[in-house]
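Trainee: I would like a close look at one part of this model. Please take me through its aromatic rings, then through the packing elsewhere.

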Amino acid sequence: MDVLWMIPLLLLMIIPLLMCTSSTFVFYFKKFFYVAWMMVLALIAIPLCILKSGGRDIENMRIIRFMVRHVKYLLGLRFEVSGWEHLQTEGPYVVISNHQSSLDVLGLMEILPDRCTTIAKKELVYAGTVGLICWLGGIVFINRKKTSDAKSVMADAAKTMLDDQIRLWVFPEGTRNQNGDLLPFKKGAFHLAVQAQVPIIPVVFSSYSNFYLRKEKQFKSGIIRLKILPKIETKGMTSDDVSSLSDKSFDLMRAAFLDISDSITRSNGPVRH
């Protein structure tokens, strides 16, 4: 029994030592803590959302946003946001942003407008308490493997945007990407905006490479710059304009991504791998 009592004490001694001496341990510790803490927060938020709204409702995103905003401090991250004025747009619109890792959730919650939810892969709904809180927050789930299903969901989403006056956040790259550039955009978000005849507001996250390197197992403290770009109108556009709209959005976001990422590199010095 005496040995069992010593285990927590030993962990309290060993963990701080490893946090100071092993970047690999820090990487896995922060990753585990992030996932576990988000699941705990979801567990707390679930009954609050049910009490507030009675079930699935986009207004529950206010509770989720409030619950998540402190997590950045626990991970040693800081956001610098520019272009706030571009989100002061009345009515429904589509937000598009680049997608690097699950940490994007923190940036999303940092600037999430009222009556805004996201489009996410269907698999997320099965992620325990996190999946349930996503469902309660009105997140729109799509099956990326079935194009016909995805198109049907997008069509329904366009109608819901107009009927309920909501905003939708979409990651047009379609998957996580940490290659130091943007992946080509999929067209779903642009079909959605054109079909609903609502503006697109691009949001750009700077590269995480100054603090988060997955292959090298590094997860340090760092700064994330978020740049909100001016809205792109879609009124009068048709499906024939979707490709040019996608290309325009990609070029604007890529230029902003390279600019804000380079500005962090210049201020911090080169990243050491």
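Which residues do ring pairs link into a cluster?

Mentor: First, the ground rules. This is a predicted model, so local features need pLDDT of at least 70 and side-chain atom pairs count only at pLDDT 80 or more, while totals for chains, interfaces and linings use all residues. Residues are numbered from 1 along each chain as its sequence is written, and side-chain values use heavy atoms, with hydrogens and water left out.

Now the cluster. Its members are Phe 27, Tyr 28, Tyr 208, Phe 211, Tyr 212 and Phe 219, linked by ring pairs. Rings of Phe, Tyr and Trp (its six-membered ring) pair if their centres lie within 6.5 Å; planes under 30 degrees apart are stacked, over 60 edge-to-face, and the rest tilted. That rule gives nine aromatic pairs. One of them joins Phe 27 and Tyr 212: stacked, 5.8 Å centre to centre, with 25° between the planes. Phe 27 sits in helix α2 and Tyr 212 in strand β7 (residues 212-213), so this pair ties together parts 185 residues apart in sequence. Helices (H or I, at least four residues) and strands (E, at least two) are DSSP runs, numbered from the N terminus.

Phe 27 is buried at 3% relative accessible area. Tyr 212 is buried too, at 4%. Buried means under 20% relative accessible area (1.4 Å probe, protein chains only), exposed over 50%, and partly exposed in between. Tyr 212 also pairs with Phe 219: edge-to-face, 5.1 Å centre to centre, 85° between the planes. Phe 219 counts as buried, at 3% relative accessibility.

Next, helix α3. The helix spans residues 60-68, and seven of its nine residues are buried. Among them are Met 61, Ile 63, Ile 64, Met 67 and Val 68. The buried residues of α3 pack against α2 (23-53), α4 (71-74), α5 (104-111), β3 (116-121) and α6 (128-136).

Glu 110 belongs to helix α5. Glu 110 counts as buried at 16% relative accessibility. Its side chain makes a polar contact with the side chain of Lys 72, at 3.1 Å. A polar contact is a pair of N or O atoms within 3.5 Å; within protein, one must be able to donate a hydrogen and the other to accept it, and residues adjacent in sequence count only if both atoms are side-chain atoms. Leaving out residues up to four places away in sequence, Glu 110 touches Arg 69, Lys 72, Phe 79, Val 81 and Trp 84. Contact here means heavy atoms within 4.5 Å.
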